[in-house]
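Subject: Structure handover and findings

Hello,

Here is the structure I said I would pass on. My notes on its sheets, helix packing and backbone follow below.

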Amino acid sequence: MTRRILILGAAGRDFHHFNVACRDNADVEVVGFTATQIPNISDRRYPPELAGERYPDGLPIFPEDEMEAVIADKGVDAVVFAYSDVRHTHVMHLAARAVAVGASMEVPATPLLESSKPVVAITAVRTGAGKSQTARKARTLLAERGLSVGVVRHPMPYGDLYRQRVQRFATYGDLAEHQTTIEEREEYEHHLEAGSVVYAGVDYAAILAMAQEENDVVLWDGGNNDLPFFRPDLWICVADPHRPGHSMEYWPGEANLRAADVVVINKIDTAEAEDVEKVEANIAELNPGAVVIRAESPVTLSDPDAVAGKRVLVLEDGPTITHGGMPYGAGVVAAQQNGAAELIDPRPFAVGSIAATFDKFPHIGSVLPAMGYGDEQMDELRQTIAAAAPDVVLVATPIDLARLLELDDIPAVRATYALSELGSPTLGDVLADIG
């Protein structure tokens with residue numbers, strides 16, 4: 001009998017799972033998706049142009065908190081869990097909710113598409129572990145050998161899903177043309193600065209076809225701690241000793257760690273020695289055959305003197321500080337290292353969705369998470385910064401967010417960070433056979 005399923009997602013792997021495993025599969029009937037984590041992505045519709053002939057009206061996208069009602073109303077046999085960066089207990093709580101109303105719970109392996117070109121996958125145990133700088137360095141090392149590298153980014157389809165089916169970013173003008181959000185720019189722009197073309201969207205079979213046609217190597221740049229969508233020839237997982245136990249506590253980060261060929265232990269320069277040892281012990285237990293690279297991510301300020309002795313508002317990477325669970329990030333480290341007199345607590349000044357973010361994630365410290373899923377949130381960031389009246393804003397996001405926010409009347413300093421291996425092996429060593 002045809003099984004009726006509901007796919008639980010966050011506008012990413014859920015769509016990929018549907019496209020590859022369900023759209024043309026007569027054994028299942030998908031009744032819709034649920035959405036969480038990202039604002040303004042529920043109450044949309046997966047368009048009929050992408051849903052295929054079996055779903056001529058497309059598919060609804062429900063808020064996840066309506067899961068039980070959807071199961072009952074649509075006669076759902078099973079819910080399929082298809083998003084990332086959550087505790088194992090979170091997954092099982094959803095399973096309990098589904099089972100309580102008569103549906104089973106499935107946590108399937110991600111369908112892996114086969115590439116005609118070598119694939120290097122950069123994944124992580126948690127969001128904010130350092131995938132970006134690892135991916136940048138891997139791309140640079142491959143390019144130095146004369147290889148063209150196409151960077152394929154994990155989905156971030158927060159707008160018109162049909163228009164975002166296949167996206168190719170080669171210039172900053174492409175970012176504007178596709179009306180990218182801050183969150184998207186943070187993941188794409190640093191690759192453009194390095195000279196890479198970035199591919200993203202919704203239909204990853206079509207995206208892979210384009211990327212492998214135009215490049216010698218495909219570099220998968222994962223989102224959150226999610227799994228790759230392409231079968232890797234080299235699977236790299238980045239671990240964060242600031243969260244040493246998370247390799248065994250979060251989905252699907254543990255799967256990444258277990259499956260990886262290479263594990264990069266990042267941020268050794270700012271972590272406690274015993275926490276680094278805990279990560280090493282976790283790797284030895286979960287994946288004893290992995291190659292282990294020890295690395296640091298030193299932070300550089302565009303103008304260190306502008307921070308010394310000043311009242312500083314630190315603007316940190318949003319996902320790292322919110323569902324990544326970190327109370328602070330690289331910006332706080334840089335501010336303290338460069339003699340800031342005070343770190344301004346932005347919470348009393350937060351407005352709108354920014355205030356709601358602090359309420360939702362009470363672990364956040366005296367930093368401002370760079371939430372940027374649309375023009376309204378950008379404006380609320382500006383209002384919050386202006387109300388805090390800092391001497392200087394320290395921008396520790398992957399892009400120059402001060403430029404996008406147009407903080408003309410408030411000085412801003414940018415923090416950047418890069419991966420630096422300690423001893424051997426190095427990324428160059430493990431990438432030597434690629435290409």
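Strand β9 (residues 149–153) and strand β11 (residues 197–201) run parallel and are joined by three bridges. Strands and helices here are DSSP runs numbered from the N terminus, with strands (E) of at least two residues and helices (H or I) of at least four. Two strands pair if DSSP finds at least two bridges between them. Within this pair, Val151 stands opposite Val198 in β11.

This is a predicted model, in which local features need pLDDT of at least 70 and side-chain atom pairs count only at pLDDT 80 or more, while totals for chains, interfaces and linings use all residues. Residues are numbered from 1 along each chain as its sequence is written, and side-chain values use heavy atoms, with hydrogens and water left out.

The nine-stranded sheet

β9 and β11 belong to an open sheet of nine strands with mixed pairing, in the order β10-β11-β9-β12-β8-β13-β15-β16-β23. The edges are β10 (166–169) and β23, each with a single partner strand, so one side of each has no neighbour in the sheet.

Val263 has Val292 of β16 as its bridge partner. Between β15 and β16 the chain passes through helix α10 (residues 273–286), a β-α-β crossover that is right-handed. Right-handed here means that, with the strands pointing away from the viewer, the path from the first strand over the helix to the second runs clockwise. β16 also pairs with strand β23 (residues 420–421), in the antiparallel sense and over two bridges. There the partner of Ala295 is Glu421 of β23.

Two helices on this sheet

Helix α5 lies across β8 (119–124), β9, β12 (217–221), β13 (234–239) and β23, and runs at about 170 degrees to β12. Helix α7 touches β9, β10, β11 and β12, and its direction makes about 160 degrees with that of β11. Axes are lines fitted to C-alpha atoms, for helices over the stretch in contact, and angles run from 0 to 180 degrees between N-to-C directions. Contact means heavy atoms within 4.5 Å.

How do α5 and α7 pack against each other, in angle and axis distance? α5 (residues 131–144) and α7 (residues 182–193) make an angle of about 25 degrees, and their axes are 10 Å apart. Ser132, Ala135 and Arg136 of α5 meet Glu187, His190 and His191 of α7. These residues comprise one nonpolar, three polar and two charged. Ala, Val, Leu, Ile, Met, Phe, Trp, Tyr, Cys and Pro count as nonpolar, Asp, Glu, Lys and Arg as charged, and the others, Gly among them, as polar.

The six-stranded sheet

A sheet of six strands is also open and mixed, with the order β3-β4-β2-β1-β5-β7. β3 (45–46) and β7 (104–106) are its edge strands, each pairing on one side only. Strand β1 (residues 3–9) runs parallel to strand β5 (residues 78–81), with four bridges between them, and Ile5 has Ala78 of β5 as its bridge partner.

Helix α3 (residues 67–74) lies across β1, β2 (28–35), β4 (59–63) and β5, at about 160 degrees to β1. α3 also packs with helix α4 (residues 88–100) at about 35 degrees, with axes 9 Å apart. In this contact Met67, Glu68 and Ile71 of α3 meet Leu94, Arg97 and Ala98 of α4. The contact residues divide into four nonpolar, no polar and two charged.

Gly352, Ser353 and Ile354 of α13 meet Gln377, Glu380, Leu381 and Thr384 of α14.

Backbone

Two peptide bonds to check in your viewer are Trp251 to Pro252, which is cis with omega near -5 degrees, and Ser424 to Pro425, which is cis with omega near 5 degrees. Pro252 is in the loop between β14 (250–251) and α9 (253–259), and Pro425 is in the loop between β23 and α16 (427–430).

Regards
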